[in-house]
Amino acid sequence: MAQIIIKYKLKAGVTREQYENWTRTTDYPTMRGLTRVARFVNYRTVRNLLSDAAPTVDYVEFFDIADMDGFLGEDMGSSTVQAVMGEFMQFVDAPEFLIAEEVV
């Protein structure tokens with residue numbers, strides 16, 4: 001199973017409360033409702049483990065995708081995902097979208 005990992009900071013003026021409310025009420029139910037999304041979680045960064053420096057990102061999302069080709073070829077272009085992505089981009093600044101596979 002492949003993963004999509006998204007790392008990002010919130011845009012200036014967007015509060016954690018605003019963003020996390022949207023995550024709970026819109027992002028989670030919509031994206032978790034997609035057949036190819038086996039698991040989706042969003043983590044708020046709270047501190048750096050090895051230093052006092054602030055984390056470089058505010059949030060990290062992890063998606064377990066059962067069928068990456070189908071997700072990329074069909075789900076990503078759907079009106080449902082595009083609507084959520086449009087809203088997401090109103091909250092976040094320069095997200096980095098990564099496709100990852102487990103090293104076995």
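Student: What should I know before reading the numbers?
Tutor: The model is predicted, so local features need pLDDT of at least 70, side-chain atom pairs count only at pLDDT 80 or more, and totals for chains, interfaces and linings use all residues. Residues are numbered from 1 along each chain as its sequence is written, and side-chain values use heavy atoms, with hydrogens and water left out.

Student: OK, aromatics. How many aromatic pairs are there?
Tutor: There are 12. Rings of Phe, Tyr and Trp (its six-membered ring) pair if their centres lie within 6.5 Å. Planes under 30 degrees apart count as stacked, over 60 as edge-to-face, and the rest as tilted.

Student: How do the rings of Y8 and F88 sit, then?
Tutor: Their centres are 5.0 Å apart and their planes are at 90°, so the pair is edge-to-face.

Student: Where in the chain are Y8 and F88?
Tutor: Y8 is in strand β1 (residues 2-10) and F88 is in helix α3 (residues 79-91). Helices (H or I, at least four residues) and strands (E, at least two) are DSSP runs, numbered from the N terminus.

Student: Is Y8 buried or exposed?
Tutor: Y8 is buried, at 1% relative accessible area. F88 is buried too, at 4%. Buried means under 20% relative accessible area, exposed over 50%, and partly exposed in between (1.4 Å probe, protein chains only).

Student: What about F40 and F63?
Tutor: That pair is stacked, 4.1 Å centre to centre with 10° between the planes. F40 lies in strand β2 (residues 37-44) and F63 in strand β3 (residues 59-65), so the pair ties together parts 23 residues apart in sequence. Both residues are buried.

Student: Which residues do ring pairs link into a cluster?
Tutor: Y8, Y19, W22, Y59, F88, F91 and F97.

Student: Back to F40. What does F40 touch?
Tutor: Leaving out residues up to four places away in sequence, F40 touches D27, Y28, M31, R32, E61, F62 and F63. Contact means heavy atoms within 4.5 Å. F40 has 2% relative accessibility. The C-alpha atoms of F40 and P29 are separated by 9.9 Å, and the two are 11 residues apart along the chain.

Student: R32 is on that list. What does its charged end do?
Tutor: The charged end of R32 sits over the ring of Y28, 3.6 Å from the ring centre. The test is NZ of Lys or CZ of Arg within 6 Å of the ring centre and within 35 degrees of the ring normal.

Student: Where is R32, and how accessible?
Tutor: R32 is in helix α1 (residues 16-32). At 42% relative accessibility, R32 counts as partly exposed. Beyond four places in sequence, R32 touches D27, V37, F40 and V41.

Student: New topic. How much space lies in the largest pocket?
Tutor: About 200 Å³. On a 1 Å grid over the protein atoms alone, a pocket is an open set of points where a 1.4 Å probe fits, with protein on both sides within 12 Å along at least five of seven lines. Grid points are joined across faces, edges and corners, and the volume is the space filled by probe spheres set on the points.

Student: Which residues lie nearest the centre of the largest pocket?
Tutor: I4, I6, M76, M85 and F97, out of 15 lining residues. A lining residue has an atom within 4 Å of a point. β1, α1, β3, α2, α3 and β4 (92-100) each supply at least two residues of the lining.

Student: How many of the lining residues are nonpolar?
Tutor: The lining has 13 nonpolar, no polar and 2 charged residues. Ala, Val, Leu, Ile, Met, Phe, Trp, Tyr, Cys and Pro count as nonpolar, Asp, Glu, Lys and Arg as charged, and the others, Gly among them, as polar.

Student: What's the phi of A94?
Tutor: A94 has a positive phi of about 50°, although it is not a glycine. Most residues other than glycine have a negative phi. A94 lies in strand β4 and is exposed, at 64% relative accessible area.

Student: Last one: is D75 buried or exposed?
Tutor: D75 is buried, with a relative accessible area of 11%. D75 is in helix α2 (residues 68-75). Not counting residues up to four places away, D75 touches R36, G70 and V81.
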